[in-house]
There are 4 protein chains.
Amino acid sequence: MTRVGVVGAGMIGRDHVRRLTSVISRVTVTAVADVDAGAAALVAASTGAAVHPDGLAVIAAADVDAVVVCSWGDTHEEYVLAAIAAGKPVFCEKPLATSPQACLRIVEAEAARGTRLVQVGYMRRYDAAYRALKKVLDSGAIGAPLMMHCAHRNAAVPDFYRPENIITDTAVHEIDMVRWMFGTEITAVRVLRPRASRNAGAIPDPLLLVLELANEVLVDVEISVNARYGYDIRGEILGENGTAALGDQNPITVRRAGHLTSPVPADWRERFGPAYDVELREWVAGHMPDAPGAWDGYAASVVSDAAVQSLRTGERVPITLAARPKLH
Amino acid sequence: MTRVGVVGAGMIGRDHVRRLTSVISRVTVTAVADVDAGAAALVAASTGAAVHPDGLAVIAAADVDAVVVCSWGDTHEEYVLAAIAAGKPVFCEKPLATSPQACLRIVEAEAARGTRLVQVGYMRRYDAAYRALKKVLDSGAIGAPLMMHCAHRNAAVPDFYRPENIITDTAVHEIDMVRWMFGTEITAVRVLRPRASRNAGAIPDPLLLVLELANEVLVDVEISVNARYGYDIRGEILGENGTAALGDQNPITVRRAGHLTSPVPADWRERFGPAYDVELREWVAGHMPDAPGAWDGYAASVVSDAAVQSLRTGERVPITLAARPKLH
Amino acid sequence: MTRVGVVGAGMIGRDHVRRLTSVISRVTVTAVADVDAGAAALVAASTGAAVHPDGLAVIAAADVDAVVVCSWGDTHEEYVLAAIAAGKPVFCEKPLATSPQACLRIVEAEAARGTRLVQVGYMRRYDAAYRALKKVLDSGAIGAPLMMHCAHRNAAVPDFYRPENIITDTAVHEIDMVRWMFGTEITAVRVLRPRASRNAGAIPDPLLLVLELANEVLVDVEISVNARYGYDIRGEILGENGTAALGDQNPITVRRAGHLTSPVPADWRERFGPAYDVELREWVAGHMPDAPGAWDGYAASVVSDAAVQSLRTGERVPITLAARPKLH
Amino acid sequence: MTRVGVVGAGMIGRDHVRRLTSVISRVTVTAVADVDAGAAALVAASTGAAVHPDGLAVIAAADVDAVVVCSWGDTHEEYVLAAIAAGKPVFCEKPLATSPQACLRIVEAEAARGTRLVQVGYMRRYDAAYRALKKVLDSGAIGAPLMMHCAHRNAAVPDFYRPENIITDTAVHEIDMVRWMFGTEITAVRVLRPRASRNAGAIPDPLLLVLELANEVLVDVEISVNARYGYDIRGEILGENGTAALGDQNPITVRRAGHLTSPVPADWRERFGPAYDVELREWVAGHMPDAPGAWDGYAASVVSDAAVQSLRTGERVPITLAARPKLH
């Protein structure tokens with residue numbers, strides 16, 4: 001039975017707690033902290049976890065074997081570094097930290113410690129359809145990859161969204177997925193601005209990201225965050241001998257009034273709910289070979305920063321990463 | 001934390017134990033018995049459960065709150081009746097018992113006890129696609145139902161399959177699904193024999209079942225148990241104003257060598273794995289309103305018997321059920 | 001340039017005239033007759049064809065090389081026999097004649113003449129999707145056929161529809177298709193009555209036809225003639241090693257308001273328009289090996305009669321055909 | 001009966017002659033010319049057309065009402081101008097002429113003549129699926145358009161292909177389609193080079209074109225001309241409230257050996273054959289409102305030139321068109 005301490009008991013933290021207590025076996029939540037005492041108390045009431053004064057106390061607690069960090073992004077660096085120092089596995093919601101430099105400090109601390117302790121919450125890698133897509137690609141069935149076309153559409157986004165959130169909160173999932181899918185780094189990014197949707201208020205939406213990879217594969221990614229009609233995730237890889245694409249997973253089709261109709265997921269919970277479950281289950285069970293680690297959190301941060309810059313300037317932005325530690 | 005005792009530690013029993021310990025929260029396996037001491041020992045080793053001399057001892061154990069029965073069908077009646085007598089919830093793998101009479105004795109014992117304790121392992125009701133189908137039907141979107149077309153195809157079946165197993169082990173899932181989908185009873189059944197597949201050895205395969213329902217809906221069900229190409233489950237309901245059908249849930253599509261291709265599930269584990277998880281999770285969480293109970297086990301048994309008779313004679317067989325107790 | 005005489009200038013006759021003059025090359029309409037002089041005059045005006053006093057005069061005309069018969073079914077026998085006597089190819093809209101006996105007289109007249117002159121208007125054989133389906137079946141890719149599931153749904157039917165029209169005007173297309181698809185005869189038919197749609201007025205709709213073939217393949221056919229939502233034609237063949245089915249030919253898919261939607265054809269013109277064009281084009285170009293001939297018209301008539309009988313009695317009706325002349 | 005003169009009797013010319021004589025009504029081919037006397041003789045033999053010494057003689061012939069130009073691109077300007085001078089409708093295969101300047105001379109000559117006589121062979125506008133897509137867009141069902149994603153994949157291309165042919169012979173179809181779909185002009189183009197396929201020899205393949213439209217819609221177009229697996233044409237429009245996409249038009253689906261499979265068209269003949277028929281049929285019947293005219297041939301030429309320049313430099317190339325004459 002793994003004993004987990006939870007740092008941050010907001011919406012996403014409570015959702016992870018629900019997952020840890022209702023969906024995943026052999027795990028118990030023993031400690032919790034939040035700047036909002038009421039939120040921490042809610043988790044304590046539903047799990048029996050002890051409320052601690054702050055995240056560092058949770059990480060230090062004797063009855064905590066592993067840590068889940070769901071606090072505000074600004075605090076991630078401190079808590080993840082503390083978990084590394086304590087030698088405890090830590091699952092950190094995205095972003096790993098709020099700047100490439102902070103991410104790099106985590107990468108280096110983990111490397112200095114000499115063992116992999118950090119997982120970042122990029123859950124695409126745990127989605128059955130993406131895994132099937134990668135399996136086909138890796139099998140060689142479609143030949144060497146040349147391009148990938150992606151689209152990420154949200155029906156709507158929260159009011160707090162600013163232009164850069166389209167990159168750092170939304171497109172970042174595609175950025176991590178692309179790095180994992182092709183097993184290589186992104187070397188340049190360009191962000192193009194189509195006609196803006198009047199559903200999007202003041203933010204530029206949709207965007208088209210063009211990602212260049214170290215293996216010369218070119219990836220274009222449409223990001224729409226006010227697409228209205230539903231949540232829709234697409235991906236098609238063009239290989240030298242064929243293509244592989246995410247399928248339409250329609251549970252049912254209805255024929256009525258002159259049309260054949262099937263539902264589109266309403267939001268990411270519906271589309272990726274099972275992937276979140278698998279993500280945390282595999283984390284509790286032990287690090288998987290392709291779990292997103294500190295290096296992945298760092299690389300995503302660098303690419304996001306470059307994309308935000310390109311969004312502002314309209315120019316192609318080349319990307320340079322630090323030297324990758326042996327551990328990763 | 002629900003403490004579960006497991007009666008029968010064969011393949012299906014061990015699979016349920018894995019589910020109870022790896023996939024479902026707030027449950028622990030505390031007791032186990034099997035006529036094969038080695039099988040029971042395996043479960044004990046992986047869970048810490050105590051090995052009991054027989055199923056009755058498991059049911060009687062003080063640290064057992066609820067019982068899972070996975071022993072041979074012939075023993076189900078005895079164990080389920082014992083669980084009822086002990087007032088403990090019991091999850092019984094199909095069939096509930098091996099004759100309509102035995103099933104009826106269970107129905108009556110439960111009714112006499114006055115509380116619902118029995119759930120039978122018909123997991124279609126927990127499949128997301130069937131639930132979505134039923135939701136559309138119940139919404140009235142396609143109008144009153146008139147017909148349903150079903151197909152159930154296995155790539156292959158075990159060597160022990162005899163002609164009647166096509167009904168009692170395979171078609172019985174469709175029989176339960178139809179009763180649940182339309183919320184009514186089956187009043188007659190006819191089994192037609194198409195040309196037999198040479199892949200099927202001596203058994204008549206495929207079959208076409210024609211089910212008549214109390215609401216005059218007509219259901220045809222193709223059962224193929226040596227379809228070779230994969231595991232394939234279909235269902236389409238024709239209503240007065242439209243149709244609703246199970247969709248193709250393709251995780252990916254590959255285009256290669258002149259064809260667009262997507263995978264077909266290999267077996268029921270792949271197609272219905274999540275439904276088995278949900279089934280047992282909801283059982284542990286407490287009886288759902290539409291969980292398959294003792295009455296459903298009885299009705300399935302009566303319809304199966306009639307279908308076996310029709311398979312032998314080629315004639316339409318009318319169905320009469322006992323009076324339904326108030327409890328159900 | 002083939003010179004065609006048209007007997008019967010009603011709706012279907014005028015549609016064939018439009019096809020002969022606007023869609024098909026190397027053909028001209030030179031003669032026309034109709035009991036309604038106005039209808040004949042319309043065709044004459046649009047084509048320059050001469051109006052003749054009756055169908056026999058059209059058939060006898062020196063400037064008529066081939067005949068299209070679109071008059072009322074009761075008159076078909078007389079005109080087709082006259083065309084055979086004149087040695088002129090004749091395209092006869094379904095039915096070939098209104099009784100098996102009349103059809104058989106045509107079969108025998110053509111056999112006596114010793115050359116194939118008759119084509120009946122079963123256009124499924126000219127549909128690209130059915131042809132692709134037959135090609136897969138004949139290739140052996142799915143192994144020997146065991147069953148076929150079909151559905152034929154009309155959004156609505158004309159007011160003149162009586163119960164038997166569901167068989168003789170609608171199901172007859174499926175009957176011809178099945179005979180052609182499997183290259184064998186139907187040996188028995190049974191018609192089952194599901195719950196009747198309240199959209200269908202006094203006629204029993206939908207129906208389920210169960211057809212037994214000489215090769216033991218079993219075919220079930222749903223016929224719905226008031227399905228409301230559109231025109232929908234389905235067919236799936238189960239073979240020993242796989243299945244082949246008509247595809248969904250969606251020109252476009254729209255995602256809007258939570259749904260993915262594609263259109264369903266409104267009627268048979270939309271679904272089978274190109275097949276009608278090909279049918280008449282191939283007829284003008286010369287008889288194809290698998291064109292539906294007099295024997296096919298006769299067999300369809302016999303099976304339809306048996307199905308109408310089964311619709312009345314609810315019983316399975318065995319089918320016996322006359323000896324097939326060498327010519328066919 | 002329209003009497004057509006054909007200038008150029010190569011492969012495409014003979015295919016149009018076949019269409020004019022076998023597929024389309026009310027038209028006859030009366031004159032033909034080709035620099036290869038044998039090719040002209042072939043057409044004469046199959047149609048009875050008179051062989052003329054050159055294209056100008058065909059255009060001038062008294063028994064020629066309308067002209068089809070299928071000669072080499074370098075000769076198009078001369079023949080199209082001659083047809084305009086003769087006041088005869090002319091269908092010119094793409095390109096209208098081999099430079100923007102030459103195209104503009106045609107535009108101006110037609111404008112001076114004051115009547116529309118020129119149609120260019122962009123047949124996408126006659127494809128049922130593209131028309132359905134445009135109809136949905138124009139209906140407002142998906143709201144104002146923001147982006148379009150396209151892909152054009154050929155299994156292979158002829159040996160003569162040079163890098164610029166990917167633009168001028170292949171991508172030009174997408175360029176015309178985009179202008180027609182959105183009813184606006186392309187204002188800039190950028191061509192990106194992904195990793196090159198080893199199936200493509202020395203030419204850069206695939207390419208990604210990014211087209212900017214006057215209404216700010218952004219269009220990305222993948223062009224692959226050695227995609228091996230088949231001929232595949234995609235298009236999806238993202239609107240403010242939904243999306244509309246070309247559908248998969250699968251005539252059949254086969255389930256076999258663990259997979260669901262449907263065919264991909266082998267080449268453009270299979271995918272667009274009916275569109276070519278409709279294109280020429282509508283041309284014979286008279287100019288349609290949205291037929292591609294001289295202005296469209298000019299605009300396509302300008303955009304193609306800019307795309308070729310971008311392919312060479314890697315830079316975004318802005319596009320400026322001449323003033324559009326009133327006639328267009």
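## Buried area and contacts

Between them, chain C and chain A bury about 1,300 Å², 51% of it on carbon and sulfur atoms; buried area is the accessible area (1.4 Å probe) that two parts lose on being put together, summed over both. On the chain C side, C:Tyr229, C:Arg255 and C:Leu260 lose the most area to chain A, together 45% of what that side buries. Contact (heavy atoms within 4.5 Å) links 14 residues of chain C with 14 residues of chain A.

This is a predicted model, in which local features need pLDDT of at least 70 and side-chain atom pairs count only at pLDDT 80 or more, while totals for chains, interfaces and linings use all residues. Residues are numbered from 1 along each chain as its sequence is written, chains are lettered from A in the order in which they are written, and side-chain values use heavy atoms, with hydrogens and water left out.

## Salt bridges

Four salt bridges are found across the interface of chain C and chain A, a salt bridge being a side-chain nitrogen of Lys or Arg within 4 Å of a carboxyl oxygen of Asp or Glu. A:Arg255 forms a salt bridge with C:Asp232, with 3.2 Å between the closest N and O atoms.

## Strands at the interface

Strands E11 (232-239), E13 (252-256) and E14 (259-263) of chain C each give two or more residues to the side that touches chain A. Strands are DSSP runs of E, at least two residues, numbered from the N terminus. E14(C) gives the most, with five residues.

Strand E14 (residues 259-263) of chain A runs antiparallel to E14(C), joined by five bridges. The bridge partner of A:His259 in E14(C) is C:Pro263.

Conventions:
Helix = DSSP H or I, 4+ residues; strand = E, 2+ residues; numbered from the N terminus. Pairing = 2+ DSSP bridges.
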